[in-house]
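This report examines selected features of one protein chain. The sequence and the structure are shown here for reference.

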Amino acid sequence: MQPGNRILARAPAFRGAAVINRGRSALARAGLALGVLAAAAAGTVLAGAGPAGAAAASTTALRPLAFTPSGHNFGPVTVGRTAQQKFTLKNNSSTATSRLTVGLAGSARFSITADTCAGIRLQPGKTCTVTVRFAPTATGAVTGTLKAAGTSRAATASLAGTGGGYLYWSNYQNGTINRANLDGTGVTTLVSGQNYPVAMAVDSSHIYWADYFGGHTVSEANLNGTGVTTLVSGANYAVGVAVDSSHVYWSYAIDPSGQNNSGTINEVPLAGGTATTLLSGQNPEQLAVDGSHIYFVNYNTGTIDEANLDGTGVTTLVSGQTDPLAVAVDSSHIYWANYNGTINSAPLTGGTATTLVTGQSDPDAVAVYGGRLYWANLGNGTIDEANLNGTGVTTLASGQAGPQGLAISPS
């Protein structure tokens, strides 16, 4: 069955699209570890993560007293939850230290939960450990420093973390745009009165969604749901939306009546201006973007594809899928939901596709954030999460009226 017919024939259970976005910061696909939005929010590049961390680690042995790791970003941690990191302090010199003092500077959201270093004379070549906990009490990025010192010797480790994070999703059955904390608490309706909202995106200041019926629009609002504005309107069936630092992107599903621009991927500047068709002849559902590419699913061919941001260089990353509907991307992998009940991944550089989660109820939205996977189950009305390897599946929100779009922001 052609997707247009599929959509119209199953209107109450329309298999829509969902989107994860990179916010207004255009993040380059290569060179970012997924913290992605959390690292952007923290604005801190820590030694111990990525190439800079490797360089710092290589010089650790030259310091008389040094922590390993020399810095840690706890990433996004939901308010009310905690995360811990153990630091190992080593005496690299040929003489013992004086009695050590250990402490923290910076945000009070960091605390020491275990310490075998304070008050000891650390012998040459020996180690001790300090465990630091991050427990955010409010949204936003914070930093701190772990310190250990003896007479004429000292060591520090940099700390960073982001408190909060929000899930946004659309419910097509009651026409609402909703928000909750990352742990699923505090569910709030931000926008109502929409006509079949089926996709979501978010950046640092706005939420975006596509209405499949009712003007076939792409709209935006402030993060609190105020200031609803129509960005795009037309006669086609908008099913996917994504955003980067300069443009909003959206897809039109194949329309069986043959209206213009069906089966296309399009863009319009965030500042306003002329809409441009980037790709045609597709059968797209959901979209995602990063700093260099657009990613989209083609329902009828069962493929996950990418293209440059100007629409050139279309490449198939994954083929042979069954009813792919939703796609998300981080610095190393692409993730997608198949309507047959699976959540999947594959390396961006090519390689074998892996099924991460099975037995889901018509999943039709997927997002990746802070080292976790999130998805919406249209069939049973839940929002779920898991580790990136598919373990630890947890239901965050239930009783939703046809969730079909999903996006995440750090604040």
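## Basis of the report

The structure is a predicted model. Residue numbers start from 1 along the chain as its sequence is written.

## The disulfide

The model contains one disulfide. Cys117 is joined to Cys128, with a sulfur-to-sulfur distance of 2.0 Å. The two cysteines are 11 residues apart and link distant parts of the chain: Cys117 belongs to the loop between β5 (110-115) and β6 (127-134), whereas Cys128 belongs to strand β6 itself.

The torsion about the S-S bond of Cys117 and Cys128 is about 110°, and the disulfide is therefore right-handed. Both ends are shielded by the protein: Cys117 is buried, at a relative accessible area of 0%, and Cys128 is also buried, at 4%.

## Nonpolar cores

The largest nonpolar core comprises 24 residues. Those with the most contacts inside this core are Tyr208, Tyr212, Val218, Val232, Val241, Val248 and Trp250. The elements that give two or more residues to the core are β12 (197-202), β13 (206-211), β16 (238-243) and β17 (247-252). Of these, β16 provides the largest share, with four residues.

Another core, of 20 residues, lies apart from the largest one. Its members include Phe74, Leu89, Leu122 and Val132.

## An open antiparallel sheet

Four strands make up an open sheet, in the order β28-β29-β30-β31, with antiparallel pairing. Strands β28 (363-369) and β31 (394-397) stand at the edges; each has a single partner strand, so one side of each is left without a neighbour in the sheet. On average, neighbouring strands of this sheet are turned by 30° against each other, direction ignored.

The pairing of β28 with β29 (residues 372-377) is antiparallel and rests on six bridges. Within this pair, Ala365 stands opposite Ala376 in β29.

## Two buried residues

Leu356 is located in strand β27 (residues 354-357). Its relative accessible area is 15%, and Leu356 is buried because this value falls under the 20% cut-off. Beyond its neighbours within four places in sequence, Leu356 is in contact with Tyr335, Ile343, Asn344, Ser345, Leu373, Leu388, Asn389 and Gly390. For one of these, Gly390, the C-alpha atom is 4.5 Å from that of Leu356, although the two residues are 34 residues apart in sequence.

Asn283 is found in the loop between β19 (276-279) and β20 (284-289). With a relative accessible area of 1%, Asn283 is buried. A polar atom of the Asn283 side chain lies 3.2 Å from the backbone nitrogen of Asn300.

## Backbone exceptions

Most residues other than glycine have a negative phi, and most peptide bonds are trans. Which peptide bond is cis? The bond from Thr68 to Pro69 is cis, with omega near -5°. Pro69 is part of the loop between β1 (65-68) and β2 (71-77).

Two residues other than glycine are described here for their positive phi: Tyr196, at about 65°, and Asp362, near 55°. Tyr196 lies in the loop between β11 (188-191) and β12, and is buried at 7% relative accessibility. Asp362 lies in the loop between β27 and β28, and is partly exposed, with a relative accessible area of 27%.

Technical notes:
This is a predicted model: local features need pLDDT of at least 70, side-chain atom pairs count only at pLDDT 80 or more; totals for chains, interfaces and linings use all residues. Side-chain values use heavy atoms; hydrogens and water are left out. A disulfide is a pair of cysteine sulfur atoms within 2.5 Å. Buried means under 20% relative accessible area, exposed over 50%, partly exposed in between (1.4 Å probe, protein chains only). Contact means heavy atoms within 4.5 Å. Two strands pair if DSSP finds at least two bridges between them. Axes are lines fitted to C-alpha atoms, for helices over the stretch in contact, and angles run from 0 to 180 degrees between N-to-C directions. A nonpolar core is a set of buried Ala, Val, Leu, Ile, Met, Phe, Trp, Tyr and Cys residues joined through side-chain atoms within 4.5 Å. A polar contact is a pair of N or O atoms within 3.5 Å; within protein, one must be able to donate a hydrogen and the other to accept it, and residues adjacent in sequence count only if both atoms are side-chain atoms.
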